[in-house]
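Hi there,

Here is the structure I promised to pass on to you.

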Amino acid sequence: MISMISSVGKNRELGKNNTLIWHFKDDMKFFKETTMGHIVVMGYNTYKSLPGNLPGRHIIVVSYDPIENVECVNGIEPIIEKYKDSDEEIFICGGASIYKQFLPYASKLYLTEISATDDEADTFFPNFNKKEWKRTLIKNNNQNNIDFDIFLYERKRV
Ligand SMILES: NC(=O)c1ccc[n+]([C@@H]2O[C@H](COP(=O)([O-])OP(=O)(O)OC[C@H]3O[C@@H](n4cnc5c(N)ncnc54)[C@H](OP(=O)(O)O)[C@@H]3O)[C@@H](O)[C@H]2O)c1
């Protein structure tokens, strides 16, 4: 099963200058707990932006060029084929280009919706039709007077 996990501003802002815009402790904790023990898939830019490694998770990087000592795939097809109908849940962790390519194949979105905007954002989560998804609140959060609420979107069966 392909799931995506992401944190977005009111205008679906994801990042700027290849870094995250907001850093909330409880959101990082949710990311860690949710992805622990799973495969996490990310694009080359996001991989380069990581401040450290992700212990307890196996990283696959989508990249046109190989990276030493890191599992890489050139194109998303091998991952779709292997995991789309599998019972194993894997997590697509961004960034923008990777979310966009995987969205049609994702069954679940773990989305932290941040009540803030940033005019300088340069990467955005893809627009998606919320009517096609069942939305369930996982947790309300607040840090520094900014609400960030975590939702699970599950794709409705047609
Ligand atoms: N808010 C969040 O939850 C969140 C999560 C993750 C990332 N981000 C932010 O998102 C931004 C990065 O997003 P991005 O769209 O610029 O980069 P990205 O999606 O992380 O990586 C894009 C790169 O991945 C490789 N790639 C993409 N599709 C490919 C394919 N089909 N086959 C082979 N390689 C492929 C290419 O790298 P090469 O051409 O170099 O091989 C491409 O330049 C950063 O600001 C980051 O902080 C935010």
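This is a predicted model: local features need pLDDT of at least 70, side-chain atom pairs count only at pLDDT 80 or more; totals for chains, interfaces and linings use all residues.

Residues are numbered from 1 along each chain as its sequence is written.

There are 28 residues around the ligand, and Gly-15, Gly-43, Asn-45, Gly-94 and Gly-95 come nearest (a residue is near if its C-beta atom, placed from the backbone, lies within 6 Å). Among the elements that give two or more residues to this shell are strand S2 (13-16), strand S4 (39-43) and helix H4 (96-102). Helices (H or I, at least four residues) and strands (E, at least two) are DSSP runs, numbered from the N terminus.

Next, the sheet. Strands S3, S2 and S9 form an open antiparallel sheet, in the order S3-S2-S9; two strands pair if DSSP finds at least two bridges between them. S3 and S9 (123-124) are the edge strands, each pairing on one side only. S2 and S9 are joined by 2 bridges, and Glu-13 has Phe-124 as its bridge partner in S9.

Finally, is Gly-56 buried or exposed? Gly-56 is exposed, because 10 other C-beta atoms lie within 10 Å (buried means 20 or more, exposed 12 or fewer, partly exposed in between, with C-beta atoms placed from the backbone). Gly-56 sits in the loop between H2 and strand S5 (58-62). Lys-32 is 24 residues from Gly-56 in sequence, and their C-alpha atoms are 9.2 Å apart.

Happy exploring!
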